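Hi,

Here is the structure I promised to pass on to you.

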Amino acid sequence: MAKLYVNPKVKKGHINPELQGHFSEHLGRCIYEGIYVGENSEIPNVNGMRTDVVEALKEIRVPVLRWPGGCFADEYHWKDGIGPKEGRKKMINTHWGGVVEDNSFGTHEFMELCRQLGCKTYINGNLGSGTVQEMSEWVEYMTFDGVSPMADLRKENGHEKPWTVDYFGVGNESWGCGGNMRPEFYGDMYRRYQTYVRNYDSKKPISKIACGANADDYHWTDKVLETTFDHGNGFMGGMSLHYYTIPTGTWGKKGSALVFDEKDWYRTLKATLKMETLIRRHGAIMDQYDPEKKIGMVIDEWGTWYDVEPGTNPGFLYQQNTMRDALVAGLNLNLFNKNCDRVKMANIAQMVNVLQAVILTEGEKMAKTPTWHVFDLYKYHQDGELVESSIETREVGLEEAYRIPDLSESVSLGKDGRLHVTVTNASLADHAEIEGCFAETTIKAVRGRILAGEMHAHNTFEEPDAIHTTEFTEFTVEGNKVCFTLPACSVLHLELEIS
Ligand code: AHR
């Protein structure tokens, strides 16, 4: 019997809803087809946004959306995407698939999407190939409520009032596709560009996000902070970190999303758990400059990255999504919760049809992936208080180098006054008997939902509901204890009414 200890009286930090954020890039069929079909499409839509997709995203309470990239962001010139659509520039998306980008989805459309989703906005600016003036004018265009050339242009284009920009990324992957810079150079560029990301509304200051490291590039974190730190309030709200789960650990041959064996399962989850080390070690460097943890770690690209589905455009990064992805999501989301003192936002890559998508579309058809179902189980953590918890684990796996703990957990006290417990079981062979002890707690009622299935289980357009969550009843309650049986290969949410 594995012990799960929870102490609801010991609060460990606030779980920003943004830990369950999303990322949408002009890449493959994420924006076009996946989200935006245009007002004249036969696919039901509101102002061009597909109704089915928006409804599914609202169900999981998308808290924040990052756009327009990714690598695309550092080649994006925002003025190409405003004004009458027929006059917008057509160009080739050189980064992703070499297809025509007609700019029909631009700033106004992104803001409309966020309005429909009811989520915060995270715009990623172009530092790689754009000018300071261009970045500065974009911010003015979006957020200035007064008389100015850019505010007037916005009004001419049909939007009288400014929008709220919650987060603004100053460059993306500036160490790579965003300009191949060295950290000291980027640090200086950040200082310069961010100066002109003005806060026109002091009541809604923009949180500026600096480009952080690629995976375990600790030198980048150290040098960027050394170059930029100590410039007073508002200088830097967060610093990004990008880390993708690649089953083979090599970019050349990443492995298939659907065709994998048990060894690949454990290798993938082992690779995912590297996130814990990355948070700890980048966090330790951040602590040296910012012990009060004012700068958030913003993991604005995470998820699985496999070889594309056979027959699809290699530049579209389209992949299927199985129970393996569900476990990757469950493990990562538990980790983000448990490090919520430093991790302030995380954005899965990407929202629709790209990499570890929560939704897949084909024509008018749509399927929610197992990853969508995990977000649906975890949404109750949003805005909760992390409480102290620990779970007893044992090592599972087939190869010595790829053994992992079978269980992971996180627990929060929600605004609804209930305790929300999420637990994953990564073992393919064994269920787990768990005894949950909730210190100084009177348990009045328990409800549960679970996602469980065979490791390859996934949804298709023919069978969009092949794998989904079900009510979980395999538990008993006695005093302040809940004993439950967690099947192999599963993700669980328990909700406890307490007093
Ligand atoms: O998410 C796909 C790409 O991965 C992004 O454009 C880039 O930032 C990262 O390398």
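**Ligand contacts and the pocket**

An oxygen atom of the ligand lies 3.0 Å from an N or O atom in the side chain of Gln-350. The protein covers 94% of the 280 Å² of accessible area that the ligand has on its own. Please keep in mind that this is a predicted model.

For Glu-25, an N or O atom of the side chain is 2.7 Å from an oxygen atom of the ligand. For Tyr-244, the distance from a side-chain N or O atom to an oxygen atom of the ligand is 2.7 Å.

In total, 13 residues surround the ligand, and Glu-25, Cys-71, Glu-173, Tyr-244 and Glu-301 are the closest. By class, this shell has 7 nonpolar, 3 polar and 3 charged residues.

Now to the site itself. The ligand sits in the largest pocket, which holds about 370 Å³ of space. This pocket is lined by 24 residues, and those closest to its centre are Asn-214, Tyr-244, Ile-246, Trp-251 and Trp-305. Strand E11 (238-245) and helix H7 (262-289) are the elements that give two or more residues to the lining. The largest share, 3 residues, comes from E11. The lining divides into 14 nonpolar, 6 polar and 4 charged residues.

Tyr-244 is worth a look when you open the file: this residue is among the closest to the ligand and also among the closest to the centre of the largest pocket.

Best wishes

Conventions. Residues numbered from 1 in each chain as written. Predicted model: local features only at pLDDT ≥ 70, side-chain atom pairs only at ≥ 80, totals over all residues. Heavy atoms only, no water. Near = heavy atom within 4 Å. Polar contact = N/O pair within 3.5 Å; in protein donor to acceptor, adjacent residues only side chain to side chain. Areas by Shrake-Rupley, 256 points an atom, 1.4 Å probe, with all protein chains shown as cover. 1 Å grid on protein atoms, 1.4 Å probe; cavity = no way out; pocket = protein on both sides within 12 Å on 5 of 7 lines; lining within 4 Å. Sits in = over half its atoms within 2 Å of the grid points. Nonpolar A, V, L, I, M, F, W, Y, C, P; charged D, E, K, R; others polar. Points joined across faces, edges and corners; volume = space filled by probe spheres on them. Helix = DSSP H or I, 4+ residues; strand = E, 2+ residues; numbered from the N terminus.
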